[in-house]
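Here is a short report on one protein model.

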Amino acid sequence: MSPTPRGLLARFLSGCGVELGPGYHPMPVPFPGVTVRYVDRWQPEENHALFTNLEAGATFPRPDIVANLDVDRLSALDDQSQDFVIASHVLEHLAEPLTQIAEIHRVLKPGAVVLVFLPDRRYTFDRKRSATPLEHLVEEHQARVTVVSDAHVEDYLRKTDVWDPSWTPEQQRAEFDLNRQRSIHVHCWSEDEFLPVIEYTIVEMGLQWELLDATFVEDVPDGFEFGFVLQRARVPADRAVMADRVRLAWQVLASRSRQHAKTERQIARLRALPGYPVFRGVWRTQRRFRESLAKRRPV
């Protein structure tokens, strides 16, 4: 059983569902009663050929469904056929994420959930990149983009310090092709910057989402990702009302996360004080004394 916030979000998974693009780190499913199938573009042998920089012993699960999510989406799955979908570090890799979110909604049963994790650009190699504007995502959605553009690849290569100005045109084209195959971070956001994307899918695309829970960067020491659980609503509701509910729930969960992180930092500073071991010993002695007195009191 994983004690991490990520592991705790897995408690919402039950029944039969799919994980999209598991790579060599499929989502751990510590709770019983869960059956997962994998959807991936490449077979394990192809993944190993593309990702030669991985540590020895890295393994890729063999996909149950082979699909290029940019092109095939989730066409192999029927409407309202899944109890859950896991999309861990997937949406940022897609040429056009909004259609994929709609596809996830399509295949979920009413009351079923999607568990999403995304890297926060401020804490990864995307830290020099700007957030993807919602308007840009909408333009790509309306154009039904299925291939990552050269502009996206170049932005990624330049701002993650991979770009080499000495590349010949042939070398540049080879790098573009390789990184497009390896699936770069096409888009990037911080945890607060992604909320408008969810709201857009509700208000403008008509997706019926409820926010059940979320985890944020500060929930984990040296964290770099945020995650959330969206449920396809059992009962249709007004779009604006549903978007307001999601926004308020997000704000409450984020505020709770920040307050918890602040408390943890204060405790860490207290423990770092020179006199803390003495203080802790005195406090424990007092607590045992109070407990001893309580046991002696007549009922």
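## Rings, spaces and a helix

W163 is buried, with a relative accessible area of 18%. Buried means under 20% relative accessible area, exposed over 50% and partly exposed in between, with a 1.4 Å probe and protein chains only. This is a predicted model: local features need pLDDT of at least 70, side-chain atom pairs count only at pLDDT 80 or more, and totals for chains, interfaces and linings use all residues. Residues are numbered from 1 along each chain as its sequence is written, and side-chain values use heavy atoms, with hydrogens and water left out.

**Aromatic rings**

The whole structure holds ten aromatic pairs. Rings of Phe, Tyr and Trp (its six-membered ring) pair if their centres lie within 6.5 Å; planes under 30 degrees apart count as stacked, over 60 as edge-to-face and the rest as tilted. Two of the pairs are set out here.

| Pair | Centre to centre | Angle between planes | Type |
|---|---|---|---|
| W163 and W167 | 5.3 Å | 65 degrees | edge-to-face |
| F194 and F226 | 6.3 Å | 55 degrees | tilted |

W167 is buried too, at 16% relative accessible area. F194 and F226 are both buried. Their pair links distant parts of the chain. F194 sits in helix α7 (residues 191-203), F226 in strand β7 (residues 225-232), and 32 residues separate them. Helices (H or I, at least four residues) and strands (E, at least two) are DSSP runs, numbered from the N terminus. F194 and F226 also belong to one aromatic cluster with W189, F216, F228 and W250.

R158 lies over the face of W163, 4.0 Å from the ring centre. R6 lies over the face of F117, at 3.9 Å.

**Empty space**

Rolling a probe the size of a water molecule over the atoms shows where empty space is left. On a 1 Å grid over the protein atoms alone, a cavity is a set of points where a 1.4 Å probe fits but cannot get out. A pocket is an open set with protein on both sides within 12 Å along at least five of seven lines, and lining residues have an atom within 4 Å of a point. Grid points are joined across faces, edges and corners, and a volume is the space filled by probe spheres set on the points.

The structure has one cavity of 30 Å³ or more. The largest cavity holds about 90 Å³. Its lining includes F194, W209 and F228. Helix α7 gives the most, three residues. The lining has eleven nonpolar residues, one polar and no charged. Here Ala, Val, Leu, Ile, Met, Phe, Trp, Tyr, Cys and Pro count as nonpolar, Asp, Glu, Lys and Arg as charged, and the others, Gly among them, as polar.

The largest pocket has a volume of about 1400 Å³. It is lined by 46 residues, and F51, H89, H93, R182 and S183 lie nearest its centre. They divide into 23 nonpolar, 15 polar and eight charged. Helix α6 provides the largest share, five residues.

**Helix α6**

S183 follows α6, and its phi is positive, near 75 degrees.

Technical notes: Lys NZ or Arg CZ within 6 Å of the ring centre and 35° of its normal.
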